[in-house]
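Subject: Structure for your review

Dear colleague,

Please find below the structure that I am handing over to you. After it, I set out what was found.

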Amino acid sequence: MRSLEYKVYVARRGNIFMRELAQLLVNVLHDLGCAASLFTTGLPKHADGDVNLVVAPHEYFHFALVA
């Protein structure tokens, strides 16, 4: 079994704040000894051992209220 690889996705043409957050996340993962990469193109794909993280403004997600 291979170790986990973190793949952080952010829109290339999105705002600078989101890109800076994504890069900070990659840097922190590296500091923790994790394999991590930043992607500004493409969409996350499922692969064993990959952890896909998407950095995007909250406006792009639907929040469901759970009672």
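**Findings**

Asn15 is partly exposed, with a relative accessible area of 40%; buried means under 20% relative accessible area, exposed over 50%, and partly exposed in between, with a 1.4 Å probe and protein chains only. Asn15 belongs to the loop between β1 and α1. Its C-alpha atom is separated by 9.5 Å from that of Ala56, although the two residues are 41 positions apart along the chain.

Please note the basis of these values. This is a predicted model, in which local features need pLDDT of at least 70 and side-chain atom pairs count only at pLDDT 80 or more, while totals for chains, interfaces and linings use all residues. Residues are numbered from 1 along each chain as its sequence is written, and side-chain values use heavy atoms, with hydrogens and water left out.

**Overall architecture**

The protein has 1 helix and 3 strands, arranged along the sequence in the pattern β-α-β-β. Helices (H or I, at least four residues) and strands (E, at least two) are DSSP runs, numbered from the N terminus. Of the 67 residues in the protein, 19% are buried. Contact means heavy atoms within 4.5 Å. Among the contacts with a separation of 6 or more, 71% are between residues 24 or more positions apart.

**Strand β1 and its surroundings**

How many of the 5 residues of β1 are buried? The number is 4, so β1 is largely enclosed by the rest of the structure. The strands β1 and β2 run parallel and are joined by 5 bridges; two strands pair if DSSP finds at least two bridges between them. Within this pairing, Lys7 stands opposite Ser37 in β2.

Val8 also lies in strand β1. At 0% relative accessibility, Val8 counts as buried. Leaving aside residues up to four places away in sequence, Val8 touches Ala22, Leu25, Val26, Leu29, Ser37, Leu38, Phe39, Leu53 and Val55.

Leu29 is buried, with a relative accessible area of 9%. With residues up to four places away in sequence not counted, Leu29 touches Tyr6, Val8, Cys34, Ala36 and Leu53. The C-alpha atoms of Leu29 and Glu5, 24 residues apart along the chain, are separated by 9.8 Å.

**The salt bridge**

Side chains of opposite charge can pair when their charged atoms come close. A salt bridge is a side-chain nitrogen of Lys or Arg within 4 Å of a carboxyl oxygen of Asp or Glu. A search of the whole structure finds 1 salt bridge. Which residue forms a salt bridge with Lys7? The partner is Asp50, and the closest N and O atoms are 3.0 Å apart. This pair links distant parts of the chain, with Asp50 in strand β3 (residues 50–54) and Lys7 in strand β1 (residues 5–9), 43 residues apart. Both Asp50 and Lys7 are buried; for Lys7, the relative accessibility is 18%. Beyond residues up to four places away in sequence, Lys7 touches Ser37, Phe39, Asp50, Val51, Asn52 and Leu53.

**The aromatic pair**

The structure holds 1 aromatic pair. Tyr9 and Phe39 form this pair, which is stacked, at 5.1 Å centre to centre and with 20 degrees between the planes. Rings of Phe, Tyr and Trp (its six-membered ring) pair if their centres lie within 6.5 Å; planes under 30 degrees apart count as stacked, over 60 as edge-to-face and the rest as tilted. The pair links distant parts of the chain, as Tyr9 is in strand β1 and Phe39 in strand β2 (residues 35–39), 30 residues apart. Tyr9 is buried, with a relative accessible area of 9%, whereas Phe39 is partly exposed, at 28%.

**The surface**

The protein exposes about 5400 Å², of which carbon and sulfur atoms supply 61%. Accessible areas come from the Shrake-Rupley method with a 1.4 Å probe; for residues, only the protein chains shown count as cover. Ile16, Phe17, Leu21, Leu24, Val28 and Leu32 form a nonpolar patch on the surface, with about 570 Å² of accessible area together. Patches are made of residues with over 30% relative accessible area and no salt bridge: like charges are joined within 9 Å, and nonpolar side chains (Val, Leu, Ile, Met, Phe, Trp, Tyr) within 5 Å. Ile16 is in helix α1 (residues 16–31).

Yours sincerely
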